[in-house]
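Here is a short briefing on selected strands and loops. Keep the model open while reading.

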Amino acid sequence: MVDSVATPAKPSTSSSVTASDNVHKHDWRKSIALKASTEYDSDLGFFVNRVSARVFDGLAKFKASFERGPKGEVGAPLFGFSSKYLSVLYDAEDQNAQVTVSKSWRNVGVKYVRDIKAEQGDLTLTANAFNDKYRAELRLDVPPTDGMPRGSVSFPFGEFKVFRVTGEDEEGEEFSQMQTSGFLAGSAFGGRVVADYKNDELQLRYAYKDDEMTLTPSVTLPFPYTDNPSLSPSVQFKRQFDEANKLSYLYNFSSTDWSAVYKHKPNDTFKLKLGYDSNVRLLWGSTWVGKEDAGAKQAPRKCRLQIMVQVPQDNVKSSVVLFRIKKRWDL
């Protein structure tokens, strides 16, 4: 007697096609993700268009950008490629490329940036310890130049930097010199005391903060200290009325200049600011749809908008309205 063998049921054609389509669609989105954005700044008067593609589940990224003027002219085309260890940015207008190679381990990192046209590179070595509370960085020119290596050391209560400054003197001659900057901070009298040195000036400030108020008196003096130093004392006051409303005020005692800013932020995607600066005698107001210091990804409908009104106190008729808008599309 021959046992009967059951014939397996054939899968439904419609369900098979649907599942296949879903897998294919999922695999396509995982392999390549396209993003495009357009940004317009009325102060600059041109559009900035960007396109990027993330491929192989984020292993590499290609990007391109160009500017478009009011008459339709195209300029500043840039093309780039980036991955975990290598990135290349090509400027088609300048016919130059910048190549970056980087690698990091547990507590040590190295990065090399090369300007192809200038035939000059910059090598950065970093090291950190104790959960990044202590960090050291050293930057070298490759090939070496006349300048000294730049570096910085940061720790929980301060930072110290050595860097090169280039520019022109009063006679129009170029110069290059090494400078230092840094700060030390600590807790005292229920607040925070900071000594900040840069540009041959030492600023001493004390900050007291609670849930409703921040008070920061400070004084700036030349350093090294002279017999008759020119002091520049100032005080900054901030008052948090509630989660949505805040007032900031800054007064400089040596120049009698002052500024005030009122901020209304009912949620993370909308902000309104009103301010006045006596130094330039300017009244201004600005509003943001989307976060002020972020892109359009988290903005409503992925469209970030800023509108600003500037009203000069001495010439109200010359008031201007500026706006900046950025729209993003995920393809």
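Strands here are DSSP runs of E at least two residues long, numbered from the N terminus. The model is predicted. By that numbering, Pro 300 sits in the loop between β20 (282–289) and β21 (303–312).

**Pro 300 and its surroundings**
- Pro 300 is partly exposed, because its relative accessibility is 37%, and the partly exposed class runs between under 20% (buried) and over 50% (exposed).
- Leaving aside residues up to four places away in sequence, Pro 300 touches Thr 269, Val 289 and Gly 290.
- Thr 269 is 31 residues from Pro 300 in sequence, yet their C-alpha atoms are 7.2 Å apart.

- β14 (residues 201–209) and β15 (residues 213–222) run antiparallel and are joined by seven bridges.
- Three residues separate β14 from β15 in a hairpin.
- Glu 201 has Pro 222 of β15 as its bridge partner.
- β15 also runs antiparallel to β16 (residues 232–240), with eight bridges joining them.
- Thr 216 is bridged to Gln 236 in β16.

**Backbone features in loops**
- The peptide bond from Val 142 to Pro 143 is cis, with omega near 0°.
- Pro 143 belongs to the loop between β9 (134–142) and β10 (150–155).
- Phe 189, a residue other than glycine, has a positive phi near 55°.
- Phe 189 is placed in the loop between β12 (174–188) and β13 (191–198), and is exposed at 77% relative accessible area.
- Asn 199 also has a positive phi, near 50°, and is not glycine.
- Asn 199 lies in the loop between β13 and β14 and counts as exposed, with a relative accessible area of 57%.

Key
Residues are numbered from 1 along each chain as its sequence is written. This is a predicted model: local features need pLDDT of at least 70, side-chain atom pairs count only at pLDDT 80 or more; totals for chains, interfaces and linings use all residues. Side-chain values use heavy atoms; hydrogens and water are left out. Two strands pair if DSSP finds at least two bridges between them. Helices (H or I, at least four residues) and strands (E, at least two) are DSSP runs, numbered from the N terminus. Buried means under 20% relative accessible area, exposed over 50%, partly exposed in between (1.4 Å probe, protein chains only). Contact means heavy atoms within 4.5 Å.
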